[in-house]
Amino acid sequence: MSSDDDPRLSYTDADGIPRRLALSDGLSHVTIGRSPHSDIALTGDAEVSQLHATVDKVGGHWVVVDDGLSRNGTFVNGDRLAGRLLLRPGDRIRIGSTLFTFQSVDMSASRATRVSSGAVITRRSLTEIQHAVLCSLCRPYKHSAAFASPPGNQQIAEELFLSVDTIKSHMRELFTKFGVEQLPPNQKRVRLVERAMQTGIVTDRDL
């Protein structure tokens, strides 16, 4: 059951009626598009693609995603979205002629991810080299490329002109900072990519 404390998307429909979609605990994926099967169906707007964008719950936060499927783009606070963006209270999302406002009373206003250790990871908490390593790791996933897989230490070392041992050291630190060090080896890199991109610490512009 939703409450007034739930995060929500507020907008005015084509008939001028105010609408509000509560992003309650039972909801984790919202589709927005011209298709009548969308969770928010903007069927009368020719500027909206069939599947235009989604709003997804990631680790307790809400992220707006436009991975290039839309023809005319998704705009957040006036800037065209490339990939995904962590939503903050008051963010305004424009899709076609519809303007959505993301409202929340309990979300953090910072672009950060909280890992199991309790540490808050932000772009500023990483060194320049660590961010460069993350970008290299995420690069195959630019524009949500299908069948992508993260590069190995050798590939990252060659791209950044660093030694393999240096890359290994930074990778260990990143695994720890993002709270994935306890995962099986074949899952660590993929989960690190997911957390880095879903929280906006690495964006498509970085890649």
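Modeller: What follows is a set of questions about labels and the values behind them. The model is predicted. The chain has 4 helices and 13 strands, and buried residues make up 43% of its 207 residues.

Colleague: Why are H1 and H4 called roughly perpendicular to each other?

Modeller: The axes of H1 (residues 128-138) and H4 (residues 185-198) cross at roughly 110 degrees. Angles from 65 to 115 degrees count as roughly perpendicular, so H1 and H4 fall in that class. Their axes also come within 10 Å.

Colleague: Which residues make the contact of H1 with H4?

Modeller: From H1 there are Leu 134, Leu 137 and Cys 138, and from H4 there are Arg 189, Leu 192, Val 193, Ala 196 and Met 197. By class, this contact has 7 nonpolar, no polar and 1 charged residues.

Colleague: What puts the buried residues of H3 on the same side of the helix?

Modeller: Those residues are Ile 167, His 170, Met 171, Leu 174 and Phe 175. They cover an arc of only 140 degrees around the axis, so they lie on the same side of H3. An α-helix has 3.6 residues a turn, so residues three or four places apart point the same way. On the other side of H3, Asp 165 and Arg 172 are exposed. The cover over the buried residues of H3 includes H1, H2 (153-160) and H4.

Colleague: Which residues of H4 are buried, and what do they pack against?

Modeller: Lys 188, Arg 189, Leu 192, Val 193, Ala 196 and Met 197 are buried in H4. Their arc around the axis is only 140 degrees, which puts them on the same side of H4. The buried residues of H4 pack against E9, H1, H2 and H3.

Colleague: Why is Phe 161 called exposed?

Modeller: Exposed means over 50% relative accessible area. Phe 161 has 75%, so it is exposed. Phe 161 is in the loop between H2 and H3, and its phi is near 60 degrees, a positive value in a residue other than glycine.

Colleague: Why does Asn 77 count as partly exposed?

Modeller: Buried means under 20% and exposed means over 50%, with partly exposed in between. Asn 77 is at 41%, so it counts as partly exposed. Asn 77 sits in the loop between E7 (74-76) and E8 (79-80). Although not a glycine, Asn 77 has a positive phi of about 55 degrees.

Colleague: What makes Gly 90 partly exposed, and what is it in contact with?

Modeller: Gly 90 is at 43% relative accessibility, so the label is partly exposed. Gly 90 lies in the loop between E9 (83-86) and E10 (92-95). Leaving aside its neighbours within four places in sequence, Gly 90 is in contact with Asn 77, Thr 101 and Phe 102.

Terms used
Residues are numbered from 1 along each chain as its sequence is written. This is a predicted model: local features need pLDDT of at least 70, side-chain atom pairs count only at pLDDT 80 or more; totals for chains, interfaces and linings use all residues. Side-chain values use heavy atoms; hydrogens and water are left out. Axes are lines fitted to C-alpha atoms, for helices over the stretch in contact, and angles run from 0 to 180 degrees between N-to-C directions. Helices (H or I, at least four residues) and strands (E, at least two) are DSSP runs, numbered from the N terminus. Angles under 35 degrees count as roughly parallel, over 145 as roughly antiparallel, 65 to 115 as roughly perpendicular and the rest as oblique. Contact means heavy atoms within 4.5 Å. Ala, Val, Leu, Ile, Met, Phe, Trp, Tyr, Cys and Pro count as nonpolar, Asp, Glu, Lys and Arg as charged, and the others, Gly among them, as polar. Buried means under 20% relative accessible area, exposed over 50%, partly exposed in between (1.4 Å probe, protein chains only). The arc is that of the directions from the helix axis to the C-beta atoms.
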